[in-house]
Amino acid sequence: MTETQPQPAALLGTQVAEVDGAGDLVFDAAIVGSLLGLEPGAFMEELKKGMVHQVHEQGTGVDHGRRRVTFRYRARQSVLVLDAQGHALHVA
């Protein structure tokens with residue numbers, strides 16, 4: 001586990017994901033892992049084991065271009081709302 005977790009407000013405006021050629025989001029394991037209390041390597045291991053779950057929602061209407069991604073690991077959860085380029089608009 002990480003000793004200090006980032007404050008969600010500190011991530012606002014930060015690019016936490018890149019959009020690949022297929023339009024899929026590719027997240028920074030260091031950022032998402034730390035939000036869940038995991039080091040990047042542990043985050044990737046837990047993801048491979050199926051212990052980290054992700055729900056992706058695409059905005060429509062006035063939210064077109066925005067995405068909300070919820071990561072869950074055990075009893076922990078982090079919700080990120082991103083713009084079209086992968087910058088954090090809201091983190092909880």
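**Entry 1: contacts and overall form**

I looked up the contacts in the protein with a separation of 6 or more, and 41% of them come from residues 24 or more positions apart. Contact here means heavy atoms within 4.5 Å. This is a predicted model: local features need pLDDT of at least 70, side-chain atom pairs count only at pLDDT 80 or more, and totals for chains, interfaces and linings use all residues. Residues are numbered from 1 along each chain as its sequence is written, and side-chain values use heavy atoms, with hydrogens and water left out.

**Entry 2: surface and charge**

How much of the protein counts as buried? I found 37% of the 92 residues. Buried means under 20% relative accessible area, exposed means over 50%, and partly exposed lies in between (1.4 Å probe, protein chains only).

The protein exposes about 5,600 Å², and carbon and sulfur atoms supply 51% of that. These areas come from the Shrake-Rupley method with a 1.4 Å probe; for residues, only the protein chains shown count as cover.

I then looked at charge. The 8 positive and 11 negative charges have mean positions 7 Å apart. Lys and Arg count as positive, Asp and Glu as negative, while His and the chain ends are not counted. Each charge is placed at NZ of Lys, CZ of Arg, CG of Asp or CD of Glu.

**Entry 3: helices and strands**

I listed two helices and six strands. Along the sequence they follow the pattern β-β-α-α-β-β-β-β. Helices (H or I, at least four residues) and strands (E, at least two) are DSSP runs, numbered from the N terminus.

In helix α2 (residues 40-49) I picked out Ala-42. Ala-42 counts as partly exposed because its relative accessibility is 33%. Ala-30 is twelve residues from Ala-42 in sequence and 9.9 Å from it in space, C-alpha to C-alpha.

I followed the strand pairs next. Two strands pair if DSSP finds at least two bridges between them. Seven bridges join β3 to β4, and these strands run antiparallel. His-53 stands opposite Arg-72 in β4.

β4 and β5 are also antiparallel, joined by seven bridges. Arg-67 has Leu-82 in β5 as its bridge partner, and Tyr-73 stands opposite Arg-76 in β5.

Is β4 enclosed or open? Five of its seven residues are buried, so β4 is largely enclosed by the rest of the structure.

β4 and β5 form a hairpin with two residues between them. Arg-74 sits in the loop between β4 (67-73) and β5 (76-82). Its phi is near 50°, a positive value in a residue other than glycine. Most residues other than glycine have a negative phi. Arg-74 counts as exposed because its relative accessibility is 63%.

β5 goes on to pair with strand β6 (residues 88-91) through three bridges, again antiparallel. Leu-82 has Ala-88 in β6 as its bridge partner. This hairpin has five residues between its strands, and Gly-86 in the turn has a positive phi of about 90°.

**Entry 4: Gly-65**

Where does Gly-65 lie? I found Gly-65 in the loop between β3 (52-58) and β4. Gly-65 counts as buried because its relative accessibility is 18%.

Leaving aside neighbours within four places in sequence, I listed its contacts as Gln-58, Gly-59, Leu-82, Asp-83 and Ala-84. Last, I checked Pro-40: Gly-65 is 25 residues from Pro-40 in sequence and 28 Å from it in space, C-alpha to C-alpha.
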